[in-house]
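I opened a new structure today and kept notes as I went.

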Amino acid sequence: MTSPDLSAFGHDPWWLMIAKALGIFVFLLLTVLVAILVERKVLGRMQMRFGPNRVGPFGLLQSLADGIKLALKEGLIPAGVDKPIYLLAPVLSVIPAIMAFAVIPMGGTVSVFGHTTPLQLTDLPVAVLYVLAVTSIGVYGIVLAGWASGSTYPLLGGLRSSAQVISYEIAMALSFAAVFLYAGTMSTSGIVAAQHDTWYVFLLLPSFLVYVTSMVGETNRAPFDLPEAEGELVGGFHTEYSSLKFAMFMLAEYVNMTTVSALATTMFLGGWHAPFPFNLIDGANSGWWPLVWFVAKVWTFLFFYIWLRATLPRLRYDQFMALGWKVLIPLSLGWIVVVAVTHQLRAEGSPSWMTAVVSIGALAGAALLLLIWHAVRHNTTVAPPPPDAGAFPVPPLPNKEVADVQGR
């Protein structure tokens, strides 16, 4: 891999670094407030009903009112909890989600009060690995919240949710390997710069599809919000939380949605580069305009989240885990091999038609194997179960025992 050019970072004065950090924090909070309102409005329209329309003009202050209501609620702590861990779990969920945004490039180089600085807090040679490492810490908040609550239902929800997040993080990380091969770097600013001519969503479409599926599964959103789906789990790992502690879990969910959407924009949609036809305009990728393109792309993914929630029913848990382990991960591994071969052919000067034939042949072979596996699976004969199979062992009822004795 090539060494990324990070010379633009590390020269900001202290006040500018603090201002950029606060700007990211405020951007995430405002995005969460707007996303909650937009989600309720869009879901209402998709379900042929009105969304929030009472608080403020056109219901625009509904998210703010909900936040104030949660803040004023009494913070109840159940008697059987492990209090230090119980209070620490919401913090462990929300802080890593915010920290991951530190390496996301939101624009090019701008001038702020005479200081030239990139619209990015910092960058690292392994920035994408940093994002994966930081977001994986959020799993501890989930599992500790379920364990520290001292109740069976949150524990089951925490175990399911943590297994779900870990499983889909593997597929998400594998989908990035093809991007690293093409970009030649793990730096987020370097990956955006490498997409100046062609976005990776066109060159690496299978990786993009795997990532989009994985990001919905990792953030526990519909149709993959299984820890909260079934009656025996009540509300999942945060069942025993209320007031601001519950609000922190909701904040972590929406910040995670924003973070993975920003990462998808960076890795596959050219980052802050202007889309067609705006990229034909001079100056579209300079100044503060890239921030507009970046936010628009992020909101495209957030709308996709809302659309999925209004459209698809929940999967069964076994179907969901099978999708991750039996489909997404093998598909990612096979696609990495194809990308590595075609990338090496291009590096050796092979004609474009040869790399195209290899890619299309690999995809056709994968589709054929999938069809064969599907046909074999559905044509397999299963032996009929015995008459009492599946029946739960029920002890004899007291009245029945008395009746049997009297009958004798």
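Buried means under 20% relative accessible area, exposed over 50% and partly exposed in between, with a 1.4 Å probe and protein chains only. I note that this is a predicted model, where local features need pLDDT of at least 70, side-chain atom pairs count only at pLDDT 80 or more, and totals for chains, interfaces and linings use all residues. Residues are numbered from 1 along each chain as its sequence is written, and side-chain values use heavy atoms, leaving out hydrogens and water.

**Entry 1: helix H10**

I looked up the buried residues of H10 and found Pro290, Trp293, Phe294, Lys297, Val298, Phe301, Leu302, Tyr305, Ile306 and Leu308. Helices are DSSP runs (H or I, at least four residues), numbered from the N terminus.

What do the buried residues of H10 pack against? I found helix H1 (14-46), helix H8 (205-218) and helix H9 (243-268). Contact here means heavy atoms within 4.5 Å.

**Entry 2: H8 against H10**

H8 and H10 pack at an angle of about 65°, and their axes are 11 Å apart. Axes are lines fitted to C-alpha atoms, for helices over the stretch in contact, and angles run from 0 to 180 degrees between N-to-C directions. On the H8 side I listed Phe208, Val212, Met215 and Val216. They meet Phe301, Phe304, Tyr305 and Leu308 in H10.

**Entry 3: aromatic rings**

How many aromatic pairs does the structure hold? I noted 18. Rings of Phe, Tyr and Trp (its six-membered ring) pair if their centres lie within 6.5 Å; planes under 30 degrees apart count as stacked, over 60 as edge-to-face and the rest as tilted.

The rings of Trp199 and Phe202 are stacked, because their centres are 6.5 Å apart and their planes are at 20°. Trp199 is buried at 18% relative accessible area, whereas Phe202 is exposed at 63%.

Trp289 and Trp293 are also stacked, with centres 5.9 Å apart and planes at 20°. Both lie in helix H10, 4 residues apart, about one turn of the helix. Trp293 is at 12% relative accessibility, so it counts as buried.

**Entry 4: Thr31**

Is Thr31 buried or exposed? Thr31 is buried, at 5% relative accessibility. Thr31 sits in helix H1. Leaving aside neighbours within four places in sequence, Thr31 is in contact with Thr258, Trp299 and Leu302.

Methods: Helix = DSSP H or I, 4+ residues; strand = E, 2+ residues; numbered from the N terminus.
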